[in-house]
Amino acid sequence: SATEELVLQAIATNAGASEEIEDTMSSWLKEALLEEFLPVTDALMESLVTGNLEAWLEHLAITPPGSSQQQEHFEALRSDFQDALATDINQDVVRRVCQATVSAAELRTLVCDRTGDLLVERR
């Protein structure tokens, strides 16, 4: 899933910043992050479906109304989502929509920061 790819990137980024993360730690970390962020990415998708910018921003820990750049990013994603719905839905379309949903820089920051926090707590 797109969320899983995001989590794995965050783990790799944090592993590069310190020593190699052992397999058992990596598995635990992946599961903990997925448990925490799958509901967030689901809520982000729901925000796109309903066109709810305020909810989108809040799930990204951004105080509404957000910056004009954040608003434009949301509107572009929403437009892409609407365009995707107007086509024949297939695996590629769904994958593109999911990847776009997790593309917000703020979400990547949240996941990377949380990964670092969990690594510190676990050591």
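## Helix faces, salt bridges and a cis peptide bond

A61 sits in the loop between helix 3 and helix 4. Helices here are DSSP runs (H or I, at least four residues), numbered from the N terminus. The model is predicted: local features need pLDDT of at least 70, side-chain atom pairs count only at pLDDT 80 or more, and totals for chains, interfaces and linings use all residues. Residues are numbered from 1 along each chain as its sequence is written, and side-chain values use heavy atoms, with hydrogens and water left out.

The phi of A61 is near 60 degrees, a positive value in a residue other than glycine. A61 counts as exposed, at 62% relative accessibility. Exposed means over 50% relative accessible area, buried under 20%, and partly exposed in between (1.4 Å probe, protein chains only). P65 also has its place in the loop between helix 3 (53-59) and helix 4 (68-85). The peptide bond from P64 to P65 is cis, with omega near 15 degrees. Most residues other than glycine have a negative phi, and most peptide bonds are trans.

**Helix 5**

Which residues of helix 5 are buried? In this helix, residues 91-101, they are V93, V97 and T101. Seen down the helix axis, these buried residues fall within an arc of 75 degrees, so they line one face of helix 5. The arc is taken from the directions from the helix axis to the C-beta atoms. An α-helix has 3.6 residues a turn, so residues three or four places apart point the same way. Q91, D92 and R96 are exposed on the other side of helix 5. At the start of helix 5, a side-chain oxygen of N90 comes to within 2.9 Å of the backbone nitrogen of D92.

**N14 in helix 1**

N14 belongs to helix 1 (residues 2-17). N14 counts as buried, at 15% relative accessibility. What does the side chain of N14 reach at 3.2 Å? It reaches the backbone oxygen of C112. A polar atom of the N14 side chain also lies 3.0 Å from the backbone oxygen of A10. These are polar contacts: pairs of N or O atoms within 3.5 Å, where within protein one must be able to donate a hydrogen and the other to accept it, and residues adjacent in sequence count only if both atoms are side-chain atoms. Leaving aside neighbours within four places in sequence, N14 is in contact (heavy atoms within 4.5 Å) with C112, T115, G116 and L119.

**Salt bridges**

Side chains of opposite charge can pair when their charged atoms come close. A salt bridge here is a side-chain nitrogen of Lys or Arg within 4 Å of a carboxyl oxygen of Asp or Glu. The count comes to 4 salt bridges by this rule. The table includes three of them.

| Salt bridge | Closest N and O atoms |
|---|---|
| R95 and E5 | 2.3 Å |
| R114 and E36 | 2.9 Å |
| E121 and R114 | 3.5 Å |

R95 forms its salt bridge with E5. R95 lies in helix 5 and E5 in helix 1, so the pair ties together parts that are 90 residues apart in sequence. R95 is partly exposed at 40% relative accessibility, and E5 is partly exposed at 30%.

R114 pairs with E36. This pair links distant parts of the chain: R114 is in helix 6 (residues 105-122) and E36 in helix 2 (residues 23-50), 78 residues apart. R114 is partly exposed at 24%, E36 is partly exposed at 34%, and E121 is exposed at 57%. Salt bridges with shared partners join E36, R114 and E121 into one network.

How values were computed:
Helix = DSSP H or I, 4+ residues; strand = E, 2+ residues; numbered from the N terminus.
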